[in-house]
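Here are some notes on the aromatic contacts. Please read them beside the model.

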Amino acid sequence: VQLQASGGGLVQAGGSLWLSCAASERTFSNYAMGWFRQAPGKEREFVAVISWSDGSLDYADSVKGRFTISRDNAKKTVYLQMNSLKPEDTAVYYCAALYWARWYSGNPEEPSEYNYWGQGTQVTVSS
(Lines give C-alpha, C1' and ligand atoms only; values in the text may rest on other atoms or scores of the structure.)
Protein backbone atom coordinates (compact mmCIF):
# COMPACT_ATOMS: atom_id res chain seq x y z
CA VAL A 1 0.00 0.00 0.00
CA GLN A 2 1.34 3.39 -0.97
CA LEU A 3 0.08 6.42 0.93
CA GLN A 4 0.43 10.01 -0.26
CA ALA A 5 -0.28 12.75 2.26
CA SER A 6 -0.91 16.35 1.27
CA GLY A 7 -2.42 19.58 2.54
CA GLY A 8 0.13 20.78 5.03
CA GLY A 9 1.36 24.34 5.17
CA LEU A 10 1.87 27.45 7.26
CA VAL A 11 -1.09 28.87 9.16
CA GLN A 12 -1.60 31.34 11.98
CA ALA A 13 -2.79 30.20 15.38
CA GLY A 14 -6.55 29.77 15.37
CA GLY A 15 -6.60 28.86 11.69
CA SER A 16 -7.52 25.65 9.92
CA LEU A 17 -5.94 23.12 7.61
CA TRP A 18 -7.30 20.11 5.76
CA LEU A 19 -4.98 17.14 5.28
CA SER A 20 -5.61 14.35 2.81
CA CYS A 21 -4.03 10.95 2.39
CA ALA A 22 -4.64 8.99 -0.79
CA ALA A 23 -4.02 5.24 -0.89
CA SER A 24 -3.01 3.12 -3.84
CA GLU A 25 -4.48 -0.08 -2.46
CA ARG A 26 -7.75 -1.27 -3.98
CA THR A 27 -8.55 -3.01 -0.67
CA PHE A 28 -8.30 0.29 1.18
CA SER A 29 -11.53 -0.55 3.01
CA ASN A 30 -9.71 -3.40 4.80
CA TYR A 31 -7.54 -0.94 6.69
CA ALA A 32 -8.12 1.35 9.61
CA MET A 33 -6.42 4.66 8.93
CA GLY A 34 -4.53 6.75 11.41
CA TRP A 35 -2.86 10.13 11.59
CA PHE A 36 0.29 10.65 13.64
CA ARG A 37 2.62 13.59 14.06
CA GLN A 38 6.22 14.16 14.98
CA ALA A 39 7.68 17.43 16.18
CA PRO A 40 11.44 18.08 16.10
CA GLY A 41 13.19 16.23 18.91
CA LYS A 42 10.05 14.36 19.92
CA GLU A 43 8.69 10.90 19.35
CA ARG A 44 5.97 10.21 16.85
CA GLU A 45 2.61 10.55 18.56
CA PHE A 46 -0.92 9.42 17.85
CA VAL A 47 -3.41 12.01 16.61
CA ALA A 48 -6.52 10.16 15.37
CA VAL A 49 -7.73 6.89 13.90
CA ILE A 50 -10.82 5.75 12.03
CA SER A 51 -11.86 2.13 11.64
CA TRP A 52 -12.18 0.40 8.27
CA SER A 53 -15.91 -0.26 8.45
CA ASP A 54 -18.19 1.13 11.15
CA GLY A 55 -16.60 4.53 11.40
CA SER A 56 -15.32 4.08 14.95
CA LEU A 57 -13.12 7.01 15.87
CA ASP A 58 -10.48 7.78 18.44
CA TYR A 59 -8.57 10.99 19.09
CA ALA A 60 -5.66 12.07 21.21
CA ASP A 61 -6.83 14.20 24.11
CA SER A 62 -4.76 17.11 22.81
CA VAL A 63 -6.82 17.37 19.60
CA LYS A 64 -10.31 16.35 20.72
CA GLY A 65 -12.90 18.91 19.74
CA ARG A 66 -10.53 20.56 17.25
CA PHE A 67 -9.60 17.82 14.76
CA THR A 68 -11.91 15.55 12.77
CA ILE A 69 -10.87 12.40 10.95
CA SER A 70 -12.96 11.00 8.12
CA ARG A 71 -12.59 8.68 5.17
CA ASP A 72 -14.05 8.07 1.74
CA ASN A 73 -13.54 4.44 0.77
CA ALA A 74 -14.68 5.05 -2.80
CA LYS A 75 -11.89 7.60 -3.22
CA LYS A 76 -9.45 5.57 -1.09
CA THR A 77 -8.71 8.68 0.90
CA VAL A 78 -8.59 9.62 4.56
CA TYR A 79 -8.86 13.20 5.76
CA LEU A 80 -7.93 15.22 8.82
CA GLN A 81 -9.73 18.50 9.33
CA MET A 82 -7.76 20.62 11.79
CA ASN A 83 -9.41 23.64 13.35
CA SER A 84 -8.35 26.09 16.07
CA LEU A 85 -4.73 25.24 15.41
CA LYS A 86 -2.14 26.00 18.06
CA PRO A 87 1.63 26.48 17.79
CA GLU A 88 2.06 23.17 19.63
CA ASP A 89 0.35 21.42 16.70
CA THR A 90 3.42 22.19 14.59
CA ALA A 91 4.85 18.89 13.34
CA VAL A 92 5.22 16.61 10.38
CA TYR A 93 1.93 14.76 9.99
CA TYR A 94 1.88 11.17 8.77
CA CYS A 95 -0.95 8.97 7.66
CA ALA A 96 -0.74 5.24 8.24
CA ALA A 97 -2.70 2.09 7.43
CA LEU A 98 -3.55 -0.61 9.96
CA TYR A 99 -4.84 -3.94 8.70
CA TRP A 100 -8.24 -4.61 10.23
CA ALA A 101 -7.20 -7.70 12.21
CA ARG A 102 -4.59 -5.72 14.10
CA TRP A 103 -7.29 -3.36 15.34
CA TYR A 104 -8.31 -6.14 17.72
CA SER A 105 -4.93 -7.73 18.45
CA GLY A 106 -3.01 -4.52 19.09
CA ASN A 107 -3.31 -0.88 20.05
CA PRO A 108 -4.42 1.46 17.22
CA GLU A 109 -2.76 4.36 19.03
CA GLU A 110 0.64 2.72 18.83
CA PRO A 111 2.75 3.57 15.73
CA SER A 112 4.45 0.17 15.71
CA GLU A 113 1.11 -1.53 15.01
CA TYR A 114 0.71 0.07 11.60
CA ASN A 115 1.55 -1.74 8.39
CA TYR A 116 2.15 1.17 6.01
CA TRP A 117 3.14 4.83 6.26
CA GLY A 118 2.92 7.88 4.06
CA GLN A 119 5.79 10.29 3.54
CA GLY A 120 4.54 13.04 5.86
CA THR A 121 3.40 16.61 5.33
CA GLN A 122 4.65 19.61 7.31
CA VAL A 123 2.20 21.65 9.37
CA THR A 124 3.51 24.87 10.88
CA VAL A 125 1.37 27.03 13.14
CA SER A 126 2.69 30.49 13.90
CA SER A 127 1.78 32.38 17.06
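Over the face of which ring does Arg44 lie, at 4.7 Å from the ring centre?

1. That ring is Trp117. Arg44 also lies over the face of Tyr94, at 3.8 Å from the ring centre. A charge sits over a ring if NZ of Lys or CZ of Arg is within 6 Å of the ring centre and within 35 degrees of the ring normal.

2. This is a predicted model: local features need pLDDT of at least 70, side-chain atom pairs count only at pLDDT 80 or more, and totals for chains, interfaces and linings use all residues. Residues are numbered from 1 along each chain as its sequence is written, and side-chain values use heavy atoms, with hydrogens and water left out.

3. The structure holds 12 aromatic pairs (ring centres of Phe, Tyr or Trp, its six-membered ring, within 6.5 Å; planes under 30 degrees apart are stacked, over 60 edge-to-face, the rest tilted). Phe36 and Trp117 form a tilted pair, 5.1 Å centre to centre, with 55° between the planes. Phe36 is in strand E4 (residues 31-38) and Trp117 in strand E10 (residues 116-117), so the pair ties together parts 81 residues apart in sequence. Strands are DSSP runs of at least two residues (E), helices of at least four (H or I), numbered from the N terminus.

4. Phe36 is buried, at 0% relative accessible area. Trp117 is partly exposed, at 27%. Buried means under 20%, exposed over 50%, partly exposed in between (1.4 Å probe, protein chains only).

5. Trp52 and Tyr104 have ring centres 5.7 Å apart and planes at 80°, so this pair is edge-to-face. Trp52 is buried at 14%; Tyr104 is exposed at 60%.
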